[in-house]
Each structure stands twice: as structure tokens, then as C-alpha cells.
Amino acid sequence: MTTMAEETDVRRHELAGFLRSRRERITPEQVGLPRGRRRRTPGLRREEVAQLSAVGVTWYTWLEQARDIQVSPQVLDALARALLLDAGERAHLFALAGAADPAPGTPCPTVTPGLRQLLDQLEPVPACIQNSRYDILAHNRTYGRLLCDLDAVPPADRNSLWLTFTNDDWRAAVADLPEVNRAMAAKFRAAMAEHLAEPAWKALLARLEAASPEFREIWARHEVLTQGGRTKVIRNALVGPLHLEHTNLWLGPAAGPRLVTYVPLDDASRAGLEKLQELALTG
């Protein structure tokens, strides 16, 4: 039987590993720091994270060493911003630290105001920003009505992999559902190879395996695929069938966030998207 002290120790080590993995994935250029010539550490140095978070270098080092120290919600908030955590990663940071998030609705730093404006300007082309875990970090109105009423989905469930295996409306909209689900699971497995120890990835995998026998069966095949665009047929409940070209535009390293767009392939599909945009605007 696990004691409370043992559970706390596990949390500290998970937190340390999570912080280290997030630090190592960020380049100095992403946070406005010079790279310099003698950089041997992948990503940011500990002192750079401490500088960006306005905390002491020794204190942050202890945190990555899983020392038994207290961390305030304000410091966790600063670390989340410095490490460019998305909404899911931020939630896991606070969960691992056993603290309440003082600003749970904080916008993801990956999604800049310029990117949000770009999403709006792409209308009526459905577009969203996803990370490699398939979390939907931001979307425009047309995308919000493309596969289901995304605004009605709880923020914690706005993940296209989760929705394609568990949401009835989303599943009904995908014309070639078995093929799509198999491909998405394979892409998720390929991406997860670099994130095996990270809580957010493990939590999503556990949720999917618990909720979907279909996912469990596909996952057991150990198939892998890399990301790529493809033609899709969406059976939209409001405007009918849409023939679209799905494309990914990477916003950073290939394992990071990407802009996902669905460009119409014919006049009927463009007209359908324009109608869908009107319906989204009027509620």
C-alpha cells in the first residue's frame, strides 16, 4: 500500500522530469534570448528559466532535482508562462505540484494574438491550432462547427483524438472513420515516443484506453505514422458533405504546435463552408 509520503515523492520526481523535458524543448530564440556559441544544453539552461520566471537559480535547480520544497501558485504560473506551456500542460503542472491554478483560463502562450487573428482571417476555411498531442489550443468559428459543436465540449475534452473515439457527433461527421481513427492512433504513437514519461501524454492514453475498446484494439497493433495532409470528406450535420484538403503548417519544431486547415476542393464545398460560417456567426 502506497503511503502519502511515497505518493508525494513520486509527484516531486514527476514534476522534476516534466519541468526538465519542457525546458529542453524550448530554443533560446523562442523566448527572445541569444543562443551564444558555447551552448551544450538542449533547449534552455536552468538559469535562463529562472531568469524568465523571476525565481532564484538555486531554487529552480532544487525543483528539477525533486527536492522537498514548497512551490506557490504564483511561481507555478510564472514557470508555465516561461516554459510556454499549453493549457493541458499547465493543468498537469499544477496537478503535479498539488496546487490550485489561480488563472485556469490563461491563454496558451503558443497561440499569440497574431495567430488568433490569422485564424479569423482564414474564414470560411476551417482552421485550428493543435499540439502534437492533438489538443485543440484555438480555433475559428467555422472549425468550431465543422465536426461537432466544439464550443459545447468541455475545454478538457477539446482534443481531436479523444473526440474521434468518444464523441458521437464528431464520429458521425467523419466519412471514413475506421481509416481515420487507425491513422490518428498511429500518429499519436509515433509522436508519443518523445514524451513517454510526460504526465499529460500518459493521462490522455489512459483515458482513451479506459473509454474506447476500439482505441484499445488499434493501439495494440503498435502501428506508427508521421503527420501529413490528406483529402477528407466531412458529413457536416448543418450543410451536408464537404470535400476538403487537410493540411498542417508547423509553427515550430515538427513535434510542436501546428496550424491545421481544411481547404475546400470544389465550389460546392466552398459554398457549404460559407454557409457554415454564417450559421456559426448567428449562433
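Visitor: Which residues have the most contacts inside the largest nonpolar core?

Guide: The model is a predicted one. Within its largest nonpolar core, which has 36 residues, those with the most contacts are Tyr143, Leu146, Leu150, Trp170 and Phe188. Helices H8, H9, H10, H11, H12 and H13, together with strands S4 and S5, each supply at least two residues of this core. The most comes from H10, which gives six residues.

Visitor: With which residues is Leu146 in contact, leaving aside its neighbours within four places in sequence?

Guide: Leu146 is in contact with Pro126, Ile234, Asn236, Leu242, Leu244, Tyr262, Leu273 and Leu276.

Visitor: Why do the buried residues of helix H3 line one face of the helix?

Guide: An α-helix has 3.6 residues a turn, so residues three or four places apart point the same way. In H3 (residues 57-64), the buried residues are Tyr60, Thr61, Leu63 and Glu64. Viewed down the axis of H3, they fall within an arc of 155°, and therefore line one face. These residues pack against helices H1, H2 and H4. Just after H3, Ala66 has a positive phi of about 65°.

Visitor: Which residues are closest to the centre of the largest pocket?

Guide: The largest pocket holds about 860 Å³ of space. Of its 31 lining residues, Ala87, Gly88, Ile136, Pro155 and Ala156 are the closest to the centre. Helix H5 provides the largest share of the lining, six residues. By class, the lining comprises 16 nonpolar, six polar and nine charged residues.

How values were computed:
Residues numbered from 1 in each chain as written. Predicted model: local features only at pLDDT ≥ 70, side-chain atom pairs only at ≥ 80, totals over all residues. Heavy atoms only, no water. 1 Å grid on protein atoms, 1.4 Å probe; cavity = no way out; pocket = protein on both sides within 12 Å on 5 of 7 lines; lining within 4 Å. Points joined across faces, edges and corners; volume = space filled by probe spheres on them. Helix = DSSP H or I, 4+ residues; strand = E, 2+ residues; numbered from the N terminus. Nonpolar A, V, L, I, M, F, W, Y, C, P; charged D, E, K, R; others polar. Buried < 20%, exposed > 50% of the residue type's maximum accessible area, 1.4 Å probe, protein only. Arc of directions from axis to C-beta. Contact = heavy atoms within 4.5 Å. Core = buried A, V, L, I, M, F, W, Y, C linked by side-chain atoms within 4.5 Å.
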